[in-house]
Amino acid sequence: MNRPVPKIGFVSLGCPKALVDSERILTRLRAEGYATAPSYDGADVVVVNTCGFLDSAKQESLEAIGEAMAENGRVIVTGCFGVEEARIRERFPDVLAVTGPQQYEAVVGHVHAAAPQPHDPFLDLVPPAGIRLTPRHYAYLKISEGCNNTCAFCIIPSLRGRLASRPAADVMREAERLAAAGVKELLVISQDTSAYGVDLRYAESDWRGQPLKARFFELVEALGSLGVWVRLHYVYPYPHVDAVLPLMAEGRVLPYLDIPFQHASPRVLKAMRRPAAQEKTLERLRRWREICPDLALRSTFIVGFPGETEEDFAFLLDWLKEARLARVGCFKYEDVAGATANDLPGQVPAEVKEERYARLMQTQQAVSRAVLAERVGRTIEVIVDEVDAEGAFARSAWDAPEIDGNVFLNGDTEVAPGDIVTVRIEHADEYDLWGVRG
Ligand code: SF4
């Protein structure tokens with residue numbers, strides 16, 4: 001008699017790095033014959049992959065665990081917040097197990113204990129690209145774990161450890177599998193993409209019968225040869241990044257860089273202990289744009305970091321006007337348990353943070369509106385994400401999924417998700433573009 005297939009519920013919180021962890025766990029479980037349950041009540045056990053980056057994220061993680069406990073009761077907790085097992089057990093003493101980030105084996109072991117595995121892992125039970133939580137046409141490609149930097153507001157290095165890069169051939173084989181499975185856009189992620197391979201001393205590995213160095217430029221160049229869109233996230237403005245700009249200008253990788261600048265004032269950057277804090281960044285951006293005029297930059301900033309003065313903040317606003325970034329996200333500084341910034345003098349009052357946040361967003365909106373307005377009249381390629389009765393939602397080379405804007409194709413229902421089509425841009429606001437085909 002056939003045993004019923006055990007079903008796993010999965011709740012995935014946090015950043016794209018956590019999403020990739022979820023994908024790995026689900027891929028392994030699917031390979032072992034488990035099914036995924038669409039709701040709590042049909043699941044034999046629920047895995048909650050948590051985020052522990054900010055206190056608000058921890059709160060959200062606790063709420064998600066509480067919901068899974070109330071709705072199902074058989075819960076395994078994993079992810080960044082999992083390092084605080086005592087805090088989780090204090091609220092939910094009956095969770096089946098708690099594991100930290102990247103502990104795939106441990107999570108899978110706990111799932112086996114909660115609901116016996118139907119198979120040994122026969123990899124031919126799953127599609128070659130694994131189980132992915134993103135739509136079929138784009139995928140995150142994680143090239144390393146951990147981080148060697150010591151930013152004062154961040155506890156990721158203590159959660160995830162020092163930089164551990166994947167061998168270049170390993171990354172490339174995954175990228176090839178994804179492309180062969182129909183992925184049209186690869187989103188390269190890590191904690192510090194520009195540091196890729198430093199820990200491996202740029203060791204070579206064999207890809208397509210040739211040695212390939214585990215180094216930022218070589219990896220980006222190899223990814224650019226696969227014939228799919230390649231988008232780079234979490235890059236810092238180091239001099240060696242200059243070398244990929246010609247690849248962007250030649251159309252081999254997307255003219256897009258996601259650089260979490262976090263601030264512009266040298267004093268604040270130093271206090272934040274940010275990588276590349278000493279670089280003359282505006283000068284570097286100017287040179288990058290000379291090589292690749294189409295370059296789109298997206299970034300995030302923190303306002304109200306301890307010790308940030310009105311002068312520092314004014315410096316940041318002026319910098320934003322000069323830098324002409326296409327997209328900007330902004331956070332109001334908050335203490336994170338365990339971060340060294342908590343002990344810094346000069347905490348900024350909440351109302352000042354609020355006011356600076358509003359001023360930054362207002363300043364940037366004007367910049368983004370001007371940057372996007374320059375795109376009206378251009379004919380560009382876009383990738384379609386979704387189609388409904390009223391038209392299609394697409395993105396340009398300048399827009400990453402989830403975090404940036406859209407290109408709306410009003411009334412165009414003749415395209416399908418994953419299609420790359422040529423459109424003429426007719427209208428823009430500070431976030432989105434509108435275009436028509438043909
Ligand atoms: S670069 Fe800084 S903010 Fe990013 S993960 Fe490393 S320590 Fe954290």
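Student: Which residues does Asp21 touch, not counting residues up to four places away in sequence?

Tutor: This is a predicted model, in which local features need pLDDT of at least 70 and side-chain atom pairs count only at pLDDT 80 or more, while totals for chains, interfaces and linings use all residues. Residues are numbered from 1 along each chain as its sequence is written, and side-chain values use heavy atoms, with hydrogens and water left out. Contact means heavy atoms within 4.5 Å. By that criterion, the residues touched by Asp21 are Asn49, Gln102, Tyr104, Lys142, Glu145 and Arg160.

Student: Is Asp21 buried or exposed?

Tutor: Asp21 is found in helix α1, residues 16–31; helices (H or I, at least four residues) and strands (E, at least two) are DSSP runs, numbered from the N terminus. Buried means under 20% relative accessible area, exposed over 50%, and partly exposed in between, with a 1.4 Å probe and protein chains only. Asp21 has a relative accessible area of 2%, so Asp21 is buried.

Student: What is the relative accessible area of Gln117?

Tutor: Gln117 has its place in the loop between α4 (104–114) and β6. The C-alpha atoms of Gln117 and Leu29 are separated by 8.2 Å, and the two residues are 88 residues apart along the chain. Gln117 is partly exposed, and its relative accessible area is 25%.

Student: Which residues are buried in α6?

Tutor: Helix α6 (residues 168–180) has 13 residues and reaches 18 Å from its first C-alpha to its last, close to the 18 Å expected at 1.5 Å a residue; the expected span is 1.5 Å times one less than the number of residues. What covers the buried residues of α6 includes β9 (185–189) and α7 (216–223). An α-helix has 3.6 residues a turn, so residues three or four places apart point the same way. The buried residues of α6 are Ala168, Ala169, Val171, Met172, Ala175 and Leu178.

Student: What is the radius of gyration of the protein chain?

Tutor: The secondary structure of the protein chain comes to twelve helices and 20 strands. The globule rule, 2.2 Å times the number of residues to the power 0.38, is compared with a radius taken over C-alpha atoms. For 438 residues the rule gives 22 Å, and the chain is close to this, so it is as compact as a globular protein of that length, with a radius of gyration of 23 Å.

Student: What percentage of the 438 residues count as buried?

Tutor: The C-alpha atoms of the protein chain fill a box of roughly 70 × 55 × 50 Å, taken along the principal axes. Of the 438 residues, the share that counts as buried is 55%.
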